[in-house]
Amino acid sequence: MGRARVGRSSAVLLGALGVVLLGVLWELYKAVGPATGVVVGGVTVLPRTSDLAMPHLITMFTRLGEPVTATSGSPVLWVAVLQASAFTLGLAAVGWVVGVVVGMLLALLMQRLRTAEAALLPWIVLSQTVPLIALAPLVAGIGNQIRFGDARWQEWMTVAVIASYLAFFPVSIGALRGLESPDRAHVELMRTYAVGWWTTLIRLRLPASVPYLLPALRLAAANAVIGAVVAEVSIGLKGGVGRMMVEYASASSGDPGKPWAPIFGAVAIGLIAAGFIALLGVTLKRYRRGEVPA
Amino acid sequence: MSDAAVAVTGVSKIFRLAKGAQTVALEAIDLSVAPGEFVSLIGPSGCGKSTLLRLIADLDQPTGGDIRVFGKTARAARIDQDYGIAFQQAGLLPWRTVAGNIELPLELHKVGKAARQARAAELLALVGLSDVADRYPDQLSGGMQQRVAIARSLAESPELLLMDEPFGALDEMTRERMQAELVRICGETGAAVVFVTHSIPEAVFLSDRVVVMSPRPGRIRQIVDVGLGSAGDRSDDLREASSFFAAVSTVREALHGSPAAETVRGVETR
């Protein structure tokens, strides 16, 4: 039934093959494509193949090993990218955690009270239609009004909040579906055991929600990374990979390999985030057994 | 009579539907089940037999009348864990092993780990599943899953078992084997059983008494004393005995009403 299962090692191999294929395609088009790009009816549908528009892969990679700028004492590019990526990953992680907590709490509230579901769900869906760019200055503005004792609102907090704003959505929807997934027979069984909502939650609803929750957490991780990068750009926060992309893009005319470095950094962040969720999935393996065919 | 396992007096159940319409699911039900007695509820779909079981289990409340379980209200009996229950769906938790599923009610009621494990081992032996204690439900056949569910319903040594078509989803051969096993288990545990089914031979084979119900509104049409002997005397040979067939005929006639009279739709006579 369904698609044939692919073994773990061959899955890794296929993934690597995909990346290689992409590289080959890039170089192939660069070699045979017209220098002015493919133009259909006045619209450029494929890019120009010049070294500026499409640098060789080797240019991108060798550039990583060179210093960021010509000034002496400038760090090597890959080190700078690594630092920026770690910074952004940290922001995305904070955003993810906050988003998961908020999303779970909303899901629990909606599961507990049907009126809460009716009142909240439309707003949760609507919340995701607000453009991220419009949100960033708003969050920064509100944040600046907040003071926790002596501590003041930091710019990185704005970025984390925006990352969490994107992350909470899939979690709240996925968790709600998961919490409501147990069969009526299971719920009634817990009732015959005369246990309350809380015990039913811990013993039945939460474990049953894992298969719904894991994809939601994965989506939330991807959203948190995107949210962090875009928010960095939008509020101009220094130190992260988002700001780095904008800075390096302006250098592309004389240094075509450089703008690709932060993009590789962003890809690496995404891979680490996805890997973390996969690891989480492994530890929760026994909650992912298929429904019992009874 | 407060020492009856189940005492149902004048119970009715009305389901209110949208726009003021209503269905009378049960009307004027009187039934008493003695301790250790096996009573089956049989009738066509919609006769309210499952509803009656749910009322006894306090999964639903009657519109009128009174239900006592060992002299207590149904609610008090549920809270005191006086009954064990098994549904048509085995309803095992897929993330727990077989033993873990049997231990679930004990765990929820704060029974110590050692006692829990001992009880689970005991019950697994009782239902003949000792060798699959560490497997997960999805690795078991339907019949095995249902045996685990029965073991789970027995976990807290209840004096009353409520069973809602527990063998309904099984094939005929597994079904007969499970019936024989249930007779044996009931003999060993001495629990009273209220058993919902729509199979006449199943009801006759298992029961001391068969309660025949009619639909719309759900009423008790007749209670047939089967009296095929105590649990120990009942074996698969009984299925071939003339007394068995006589009882099956009696129940069938009761289901269809007095020979020439009213027609009952949807009776399954497997």
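Me: How are α3(A) and α10(A) oriented to each other?

Reply: This is a predicted model. To describe how two helices pack, one takes the angle between their axes and the distance separating them. Helix α3 (residues 77–112) of chain A packs against helix α10 (residues 260–283) of chain A at an angle of about 40°, and their axes are 9 Å apart. Angles under 35 degrees would count as roughly parallel and 65 to 115 as roughly perpendicular; α3(A) and α10(A) are therefore oblique to each other.

Me: Which hand does the crossing of α3(A) and α10(A) have?

Reply: The crossing of these helices, α3(A) and α10(A), is right-handed.

Me: Which residues in α3(A) and α10(A) meet?

Reply: On the side of α3(A), they include A:Leu77, A:Val81 and A:Ala84. Among those they meet in α10(A) are A:Ala261, A:Phe264 and A:Ile269. By class, the residues of this contact between α3(A) and α10(A) are 12 nonpolar, 3 polar and no charged.

Me: Moving to a sheet, what is the order of the 4 strands in chain B?

Reply: Strands of a sheet pair through backbone hydrogen bonds, and the pairing is either parallel or antiparallel. In chain B, an open sheet has the order β2-β1-β4-β5, and its pairing is antiparallel.

Me: Why is one side of β2 and of β5 of chain B left without a neighbour in the sheet?

Reply: β2 (22–33) and β5 (72–73) of chain B stand at the edges and have a single partner strand each, so one side of each has no neighbour in the sheet. For β5(B), 2 bridges join it to strand β4 (residues 64–69) of chain B, and the two run antiparallel. B:Arg68 stands opposite B:Thr73 in β5(B).

Me: How many residues of chain A and chain B are in contact?

Reply: The size of an interface is often given as the accessible area lost when the parts come together. Here residues are counted instead: 20 residues of chain A are in contact with 21 residues of chain B. α7(A) gives the most to the side of chain A that touches chain B, with 6 residues. That side of chain A has 9 nonpolar, 4 polar and 7 charged residues.

Me: What domains does the assignment give for chain B?

Reply: The assignment gives domain 1 (1–82 + 158–270) and domain 2 (92–157) of chain B. The centres of these domains of chain B, taken over C-alpha atoms, are separated by 26 Å. Their contact takes 11 residues from domain 1 of chain B and 11 residues from domain 2 of chain B. Helix α6 (residues 172–189) of chain B gives the most to the domain 1 side, with 4 residues. The residues of that domain 1 side in chain B divide into 8 nonpolar, 3 polar and no charged.

Methods:
Residues numbered from 1 in each chain as written. Chains lettered and ligands numbered in written order. Predicted model: local features only at pLDDT ≥ 70, side-chain atom pairs only at ≥ 80, totals over all residues. Contact = placed C-beta atoms within 7 Å. Nonpolar A, V, L, I, M, F, W, Y, C, P; charged D, E, K, R; others polar. Domains from an automatic or database assignment. Pairing = 2+ DSSP bridges. Axes fitted to C-alpha atoms, helices over the stretch in contact; angles between N-to-C directions. Parallel < 35°, antiparallel > 145°, perpendicular 65-115°, else oblique. Left-handed = near helix turned anticlockwise from the far one by under 90°.
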